Amino acid sequence: MNIKHEMNFPKDAMRVLKETSRTFYIPITFLQKELKHTVACAYLSFRAIDEIEDHEELSNEVKHSILTQMSELFKQPFNGEKYLQILEPVKSKLPEVTLRLSEWLQACPKSTLPYVMNASSEMAFGMAKWAKANWSIRTREDLDEYTYYVAGLVGVMLSDLWEFCAGVKADRNLAIGYGRGLQAVNILRNQKEDLVERGVSFVPDGWTRNELFEYADENLAKADEYMKSLNKQSILLFCRLPLALAHKTLKAMKDGREKITRAEVEQTVKEIQID
C-alpha cells in the first residue's frame, strides 16, 4: 500500500510546496514515506489557510467569514464543491495552493488525514478570530494565543504524527514552544513590513523589540529542549533545519541585519545533515 501511495502521490503537491514554503520543503524530504506525504499535505493545507489570512485585498470581514466556514468544513469529510462555492466571490484573487486545497487533502494518507484535518480546522478558527480582531495584540497572553493558532498547534500535530507513525514520544508543551519560537522570529523579521503594508502590529502594548527578542529566545530554548526527546534520525533532521535557521536569523537581527543570506541558508542545510 505504501508503494502504491508513493507512485500515486502527486508531483504537483511537492512542486507547489517547494514554491510556497522553501523553509519546510527541504526538511519534509528527509521524512519517510507516510510521514513525508502527510506533512507535505498538512503544510499545503496550512499554507492554503494562511494565504487567506495574509491576503492584502480581502477585508477582515471576508477573511473571517471564509476562514470560519473552512474551519467547519475540516470537521467532516471535506466537501470540495462546497469549498469552491465559499471561495467563489474571491476566487480570482487566490493562489493555486488555496484553490487546490481539496487535492492536497485527497493526497494525504487516509490513516493520518484526521490529524491534518483537526489541526487545519483549529488553525482556520484561530485565524478567523484574529482577523476579526484586526490582529490587535495587546498583551503577552494575546501573543501566546495568536502564535499558538498559527504555529504552536502545528508542533502539537507533528508530535502526534511522530508518535502515530514512528512511535516517537515528544512533549507537546515544548512542541508549542518550538512553533511559537519560529513564529516570533517571523514577527521580528516582518515587523516593519506588517506595519507599513498591512497596518498590523503583533507586538504587545508597551513592548519594545527587546521584549520580542526575549520572547523568541525563551521559546527557542523550549524548542532546543524538545529536540532532546527525538530519537529517530529522519524526524530529528526534519526538526533541526527550521530551528537552526530560526536561531541564525535571530542572531543576525540582534546584530542589526535584516535576515541571513541565501549562502548562509545553504550552509545551514549542509551542516544539519553532517551533525
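**Helices, rings and burial**

Tutor: Helices α11 and α13 pack with their axes 10 Å apart, at an angle of about 40°. This is a predicted model, in which local features need pLDDT of at least 70 and side-chain atom pairs count only at pLDDT 80 or more, while totals for chains, interfaces and linings use all residues. Residues are numbered from 1 along each chain as its sequence is written, and side-chain values use heavy atoms, with hydrogens and water left out.

Student: What makes a stretch a helix, and what is an axis here?

Tutor: Helices (H or I, at least four residues) and strands (E, at least two) are DSSP runs, numbered from the N terminus. Axes are lines fitted to C-alpha atoms, for helices over the stretch in contact, and angles run from 0 to 180 degrees between N-to-C directions.

Student: Which residues make the contact between α11 and α13?

Tutor: Contact means heavy atoms within 4.5 Å. From α11 come Tyr178, Leu182, Val185, Leu188 and Arg189; from α13 come Cys239, Pro242, Leu243, Ala246, Thr249, Leu250 and Met253.

Student: Is the crossing of α11 and α13 left-handed or right-handed?

Tutor: The crossing of α11 and α13 is left-handed. By contrast, α13 passes α14 in a right-handed crossing.

Student: Why is α13 called oblique to α14?

Tutor: The axes of α13 (residues 233–254) and α14 (residues 262–274) come within 10 Å and cross at roughly 140°. Angles under 35 degrees count as roughly parallel, over 145 as roughly antiparallel, 65 to 115 as roughly perpendicular and the rest as oblique. The crossing angle is in that remainder, so α13 is oblique to α14. Among the residues in contact are Leu237 and Arg240 of α13, and Val265 and Thr268 of α14.

Student: How many aromatic pairs are there, and by what rule?

Tutor: Rings of Phe, Tyr and Trp (its six-membered ring) pair if their centres lie within 6.5 Å; planes under 30 degrees apart count as stacked, over 60 as edge-to-face and the rest as tilted. The count by this rule is twelve aromatic pairs.

Student: Why is the pair of Trp130 and Tyr146 called edge-to-face?

Tutor: The ring centres of Trp130 and Tyr146 are 6.2 Å apart, which is within the limit, and their planes stand at 80°, which is over 60, so the pair is edge-to-face. Trp130 is in helix α9 (residues 113–132) and Tyr146 in helix α10 (residues 140–166), so the pair ties together parts that are 16 residues apart in sequence. Ring pairs also link Phe24, Tyr43 and Phe46 into a cluster.

Student: How do you know whether Trp135 is buried or exposed?

Tutor: Buried means under 20% relative accessible area, exposed over 50%, partly exposed in between (1.4 Å probe, protein chains only). Trp135 has 3% relative accessibility, so Trp135 counts as buried. Trp130 and Tyr146 are buried too, and Trp135 touches both of them, with Glu53, Asn60 and Lys63 also among its contacts.

Student: What makes Arg198 a charge over the ring of Trp135?

Tutor: The rule asks for NZ of Lys or CZ of Arg within 6 Å of the ring centre and within 35 degrees of the ring normal. Arg198 lies over the face of Trp135, at 4.8 Å from the ring centre.

Terms used:
Left-handed = near helix turned anticlockwise from the far one by under 90°. Lists of a residue's contacts leave out its neighbours within four places in sequence.
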